[in-house]
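Below is a set of notes for a colleague who has the coordinates open.

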Amino acid sequence: MKRMGMKEKAVCYLVMGCLLIQMLGIGKSVHAAEEVWEVNLLKNASMEEIEGGFPASWDALNGWNNPEVAYTTETSHTGNTSVVVETYKTTNPWTSQMVNVNADTLYEASTWLKSSGIAGRGAAIKVEFFKAPEKTNENYLSGVESSFVQDVTGNWQYLSFQLKAPANAKVAYVYLRLYGTGKVYFDDASFKALKPKPMTELATDQIFYYPDQTEGNVKASLYPEGGTYGDKLADMRISNVSTGAVISETSNIRAEEQLQIKFDPRKMVLQQPYKVELTLKTSQQVVLERKEATIYRWERPAALTENGTILVDGKPFLPVIGFHVYPYEYSRVKQAGVNTVIGISTYDQSALKEALDMAYTNGLKVIVPLYQRMKVKENRESTRSIVAALKNHPAVLAWMVMDEPTGNQKSMEELVTAYTVIRSIDNVHPVYVYVYESSTDYLGNMAKVTDILGTGVYPLPKQPITEVGNVARLALSAVNGMKPVWTNVQTYSLPFSIDSTYLPNIEEVRFMTYQALLAGSKGIAYYSFHDDSWWLEASELWQGLIKFRDELQLLSELISTTKAAEDAGNQVRWALWKKGGDAYAVVINEAQEERQLSIPVPFARFHAERIYGGSALPYDGKEGQLRIKLGSQQAALYRISPVELSTSTIDKLLKQGNQLSNESYWQLHLQQVCNYIKTAVRELSSAAPDRKKVNKELSKASLELDQLTNG
């Protein structure tokens, strides 16, 4: 055997070392890393493992006893079994599974499906992200749906889409779902992570900065490999995309997990894009990763004030919006207090104008939808054309870019582009986007691509009714005072569904509306007038809304002015407005039991009357405190009028009293009554009033009145 030399030994040790590293898993090739990230996270993805009569690891809508969802051996994509979803009701049944996820990670969801006929929206995959396994509003982050398969072939078809887990996501629920009626088979589902979490994240507090905003904020999140920050640096730069002019630059910032850099948006040129660049590098200036974002400076829509109030003909306007209202109903919806409608969705400009004309004739404003066929980027040219043609129509209130963008898979990029297209043509009317998701991060992001953020929750009967106020406050916190929030209120029932058959009564609608307005919402929307087998005008709620109209009108008049005082305390909340010479208190009790409270009013002596929200005796108060009692989850509105008592007022009353009778007896005793009261009033007006003296004079006045009335 030949003895190895030093060179041969070195090569041998090197090969052995490499083999040892691979065996121990210390080093990984690019391909190996991709294989790790391509693992299917769904258990029993092929539906072959059956436990207790149903596929292991999978759940079904209302449990596996629901006849609409079952496993079957009738057909399968692979193996012997699949899941079949069959319904002829509007229940949208599903089978689902929970998986653990990493935040800010790209995933791909897919399934094979088979059907010979589907009516409705179609078959789809839906993914919902949560902060924790419990499916609560607090944990919910966002939901995303795939495209809807309607054109079925009777053979197996493949459906897939990619989505990114939001920040703070810990788990995802993957649904294989039928939105409509018919029969569809699902098999061989998959949910895979595609890319590792990036080392950098970049976010700006706004995308469109209004001219009155004097400070912008860039937030950078850094996640270097190995979690080592000591030898890492970051650069931040903001420059004009067209000219390259730099308005802010900071270099060699010591890397930390979270960095915040402020800049002055007033340096930006109106309607021009600016590039925000974040670079993560080593101390030797080796670039590890670079991120970019685009921001703008844009004029606030002329119809929108800095405090978020929308103006109509130069006057404050609180929109009460009707969703899904047909033009032939425009003449009737005002009976229920509706002053604004979501317009028709069509590419036909003549039909749009005709509908706008009908709305204007009936005294309605219109939020014009621009997402025909649930498209945004594909509608760019039609959006441009519609806005240019109709921006001066007197019925236009706002432009609606999208309804539930995430659920309809609309990217931030296409929403940003839509905003720039609209606002470059129309500098008066704001852009409006409605979102259903209720996480702070999601609401904050959506607020960046709109002038008005529409949101809401339909809590009844499964959630507390107080969720309406909670979500409104969450949205207002997310917009950080920069944008107004309009809130949807639940006014529907879907009689043929499983979980939406409940119809709120008018007291519940009142309570939801009061919650939203006291939270700070600048608009209210009734959802909806029409839906599957639903027509609001034919329901018992309709007459209640008609009775609520005058109350809502008064509320809108109050909301459009500045609050005199408020207390947004825990569960019992109130606000005070002045109107004319009176004050009005709007009060809600969110607690499950009766509560008492005291509200400071701007009058030392006053007469208070509950004008809406149940019966209560009017009373005269003093010492500037309105003391009231509210029942469980009750809303009420009080009118508070000042009571001014002075010697001059008493003289006027004496003169009026003398005109009632010429008898000397009457006039003598009436004069004496007024004298006693004057003495009491002068004592009360002194620096240190003597209450005993006041009571004594009032007692004398009372005796004189007795003689006068009994004489």
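1. Lining of the largest cavity. Three nonpolar, three polar and three charged residues make up the lining of the largest cavity. Here Ala, Val, Leu, Ile, Met, Phe, Trp, Tyr, Cys and Pro count as nonpolar, Asp, Glu, Lys and Arg as charged, and the others, Gly among them, as polar. The lining consists of Val-376, Lys-377, Asn-379, Arg-380, Thr-383, Glu-414, Thr-417, Ala-418 and Val-421. Helix 4 (380-390) and helix 5 (412-425) each contribute at least two residues to this lining, and helix 5 gives the most, with four. Helices (H or I, at least four residues) and strands (E, at least two) are DSSP runs, numbered from the N terminus.

2. Basis of the values. This is a predicted model, in which local features need pLDDT of at least 70 and side-chain atom pairs count only at pLDDT 80 or more, while totals for chains, interfaces and linings use all residues. Residues are numbered from 1 along each chain as its sequence is written, and side-chain values use heavy atoms, with hydrogens and water left out.

3. Cavity count and volume. The largest cavity has a volume of about 60 Å³, and there are four cavities of 30 Å³ or more. A cavity is a set of points, on a 1 Å grid over the protein atoms alone, where a 1.4 Å probe fits but cannot get out; lining residues have an atom within 4 Å of a point. Grid points are joined across faces, edges and corners, and a volume is the space filled by probe spheres set on the points.

4. Nonpolar cores. A nonpolar core is a set of buried Ala, Val, Leu, Ile, Met, Phe, Trp, Tyr and Cys residues joined through side-chain atoms within 4.5 Å. Buried means under 20% relative accessible area (1.4 Å probe, protein chains only). The largest core has 106 residues, and Ile-367, Trp-399, Val-401, Tyr-432 and Tyr-526 have the most contacts inside it. Helix 9 (residues 541-559) gives the most to this core, with ten residues. Another core lies apart from it and has 36 residues, including Leu-141, Val-149, Leu-178 and Phe-186.

5. Surroundings of Tyr-526. Contact means heavy atoms within 4.5 Å. Not counting residues up to four places away in sequence, Tyr-526 touches a set of residues that includes Val-320, Phe-323, Val-338, Val-489, Leu-545, Phe-548 and Leu-552.

6. Strand 33. How many residues of strand 33 (residues 582-589) are buried? Eight of its eight residues are. On one side these are Asp-582, Tyr-584, Val-586 and Ile-588, and on the other Ala-583, Ala-585, Val-587 and Asn-589, which leaves both faces covered.

7. Partners of strand 33. Two strands pair if DSSP finds at least two bridges between them. Strand 32 (residues 572-579) pairs with strand 33 in the antiparallel sense over eight bridges, with Ile-588 as the bridge partner of Arg-573. The two strands form a hairpin with two residues between them, and Gly-580 in the turn has a positive phi of about 65°. Strand 38 (residues 634-642) also pairs with strand 33 in the antiparallel sense, over seven bridges; there, Ala-636 stands opposite Val-587.

8. An open sheet of mixed pairing is formed by five strands in the order 12-18-17-14-15. Its edge strands, strand 12 (208-209) and strand 15 (246-254), each pair on one side only. Strand 12 pairs with strand 18 (residues 287-297) in the parallel sense over two bridges, and Tyr-209 has Arg-297 as its bridge partner in strand 18.

9. Helix 6. In helix 6 (residues 440-447) the buried residues are Tyr-442, Leu-443, Gly-444, Met-446 and Ala-447. They pack against strand 8, helix 5, strand 26 (452-456) and helix 7 (467-479).

10. Buried loop residues. Ala-56, in the loop between strand 2 (54-55) and strand 3 (59-60), has a relative accessible area of 5%. Beyond its neighbours within four places in sequence, Ala-56 is in contact with Asn-44, Glu-49, Ile-50 and Glu-51. Ser-146, between strand 8 (140-145) and strand 9 (156-164), is buried at 2% relative accessible area. With neighbours within four places in sequence left aside, its contacts are Ala-124, Ile-125, Leu-159, Phe-161 and Gln-409. Thr-105, in the loop between strand 6 (94-100) and strand 7 (106-130), is buried at 1%.

Definitions and conventions
Buried < 20%, exposed > 50% of the residue type's maximum accessible area, 1.4 Å probe, protein only. 1 Å grid on protein atoms, 1.4 Å probe; cavity = no way out; pocket = protein on both sides within 12 Å on 5 of 7 lines; lining within 4 Å.
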